[in-house]
Amino acid sequence: MTRQDFILKWLFYALALLPVWWMDTFVLGRFPVLGVAPMLLPVAAVAVAVLEGALAGAGFGLAVGVLCDAVYFGTRGAMTLGLCLLCCACGAAAQYALNQGFWGCLLCSAAVLAVIDAGRILLRLFTGAASLPALLEVAVPEILWSLCFVAVIYPWFRWVRGRIVRLLRL
């Protein structure tokens, strides 16, 4: 792959992330279901990691993590490093242990969302911000609501990947 092909590939993935970011920030964030809004950006990062593998997933996770830190309230920079490491693990798992299909993406997305919410729960328990039952009342519906969008996000990025492969003849 030439340098130009590499740049075009990641430009297309970045452009494909824009509608997901827009839905996450401007549409679904304004209309919560069961009091929670889904987190679509981590699901998108996991979808690309599952399709592209560990190293590419880590890079895309790093970029999406920066965006998550800018979009989501109270992350304190944790999403940048966290998504990088989690997407690296998901890419490796999909490459070597799971399959790189929908079910692998769903399983990896569930794991990533659970780790993210577990970190947020532990932080709030440590600071005494809320009780565990109250935190779980928010975290569990948020994870389940976010996982519903894997059925849309994974095929979207798989379609984009197919167009990239066809365009660049990789």
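The model is predicted, so local features need pLDDT of at least 70 and side-chain atom pairs count only at pLDDT 80 or more, while totals for chains, interfaces and linings use all residues. Residues are numbered from 1 along each chain as its sequence is written, and side-chain values use heavy atoms, with hydrogens and water left out.

**Overall architecture**

The protein contains 7 helices and 0 strands, and from the N terminus its elements follow the order α-α-α-α-α-α-α. The radius of gyration is 16 Å, close to the 15 Å that the globule rule gives for 170 residues, so the protein is as compact as a globular protein of that length. This radius is taken over C-alpha atoms, and the globule rule is 2.2 Å times the number of residues to the power 0.38. Helices (H or I, at least four residues) and strands (E, at least two) are DSSP runs, numbered from the N terminus. Along the principal axes, the C-alpha atoms fill a box of roughly 55 × 30 × 30 Å.

Of the 170 residues, 41% count as buried. Buried means under 20% relative accessible area, exposed over 50%, and partly exposed in between (1.4 Å probe, protein chains only). The accessible surface comes to about 9100 Å², and 72% of it belongs to carbon and sulfur atoms; the areas come from the Shrake-Rupley method with a 1.4 Å probe. Among contacts (heavy atoms within 4.5 Å) between residues at least 6 apart in sequence, 71% join residues at least 24 apart.

**Selected residues**

| Residue | Relative accessible area | Class |
|---|---|---|
| Asp-117 | 3% | buried |
| Ser-146 | 0% | buried |
| Gln-95 | 37% | partly exposed |
| Leu-34 | 73% | exposed |

Asp-117 belongs to helix α5 (residues 102-127). Beyond its neighbours within four places in sequence, Asp-117 is in contact with Ala-139, Glu-142 and Ile-143. Its C-alpha atom is 17 Å from that of Gly-29, a residue 88 positions away in sequence.

Ser-146 is located in helix α6 (residues 132-147). Its side chain reaches the backbone nitrogen of Met-39 at 2.8 Å. When residues up to four places away in sequence are not counted, Ser-146 touches Pro-38, Met-39, Val-43 and Leu-113.

Gln-95 is part of helix α4 (residues 78-96). With residues up to four places away in sequence again set aside, Gln-95 touches Gly-53, Ala-54 and Gln-100. The C-alpha atoms of Gln-95 and Val-50 are separated by 7.3 Å, although the two residues are 45 apart along the chain.

Leu-34 sits in the loop between α1 (3-28) and α2 (40-52). Its phi is near 55°, a positive value in a residue other than glycine. Most residues other than glycine have a negative phi.

Notes:
A polar contact is a pair of N or O atoms within 3.5 Å; within protein, one must be able to donate a hydrogen and the other to accept it, and residues adjacent in sequence count only if both atoms are side-chain atoms.
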